[in-house]
Amino acid sequence: MSGIRTLFVLAMLLWAGATAIAQQNTIYVRANGNDANNGATEATANLTIAGALADAQAGDIIDIGAGDFAGATVGYNVTFRGANAGMAIANWGAATNITSTITLGAPALEVYIEGVAFGAITPVGGASADALVTLSMCRFTESNPIATAGLDWYELSVVGCSFDD
């Protein structure tokens, strides 16, 4: 009987450990936020993407509201989710506009960007050996090309995006 109990306790510890490791937090960025906040809720949102990245951990989601936001340097795997994430571009409301480059600042990053708009900037850049970058349901208006030559990225995926002149 004690052998079964020991196995049960070990199984529960493994499950609890796996759950803790897999925990994914959402850090909020809003136009009325403050980088002194922790970004854990919309009411305590950060003001900048850089502020949110300072509060986030690898694997977290950065939820960016409508408005204009400067890009930042990314040092770990992260998902950026704009105000229109999950929506067809034709149905977008007020947009999340990224106004400067999101720069990859570490090797082997996995960066997912969804539901944001890029204007006349280079949307994503930075040398990151073996990086996986996915742009999904984003709008590009007069954006500069994403030049990956010499950056040593593994893969750049562009899915369901709109390119306007």
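Residues are numbered from 1 along each chain as its sequence is written, and side-chain values use heavy atoms, with hydrogens and water left out. Because the model is predicted, local features need pLDDT of at least 70 and side-chain atom pairs count only at pLDDT 80 or more, while totals for chains, interfaces and linings use all residues.

**The whole chain**

Begin by selecting the protein chain, which holds 2 helices and 14 strands; these are DSSP runs numbered from the N terminus, with helices (H or I) of at least four residues and strands (E) of at least two. Of its 165 residues, 37% are buried, where buried means under 20% relative accessible area, exposed means over 50%, and partly exposed lies in between (1.4 Å probe, protein chains only).

**The open sheet**

Next, select the strands β1, β2, β5, β8, β11 and β13, which in this order form an open sheet of 6 strands with parallel pairing; two strands pair if DSSP finds at least two bridges between them. At the edges you will find β1 (26-29) and β13 (155-159), each of which pairs on one side only. In general, strands of a sheet pair through backbone hydrogen bonds, either parallel or antiparallel.

**Thr-96**

Move on to Thr-96, which lies in strand β6 (residues 96-98) and counts as buried because its relative accessibility is 0%. Look at its side chain, where a polar atom lies 3.0 Å from the backbone oxygen of Ile-64. If you leave aside neighbours within four places in sequence, the residues in contact with Thr-96 include Ile-64, Phe-69, Gly-82 and Val-116, where contact means heavy atoms within 4.5 Å.

**Val-116**

Where does Val-116 sit in the chain? Select Val-116 and you will see that its place is in the loop between β8 (110-114) and β9 (117-118). Val-116 is buried as well, with a relative accessible area of 1%. Not counting residues up to four places away in sequence, Val-116 touches several residues, among them Gly-82, Trp-92, Thr-96 and Met-137.

Notes
Polar contact = N/O pair within 3.5 Å; in protein donor to acceptor, adjacent residues only side chain to side chain.
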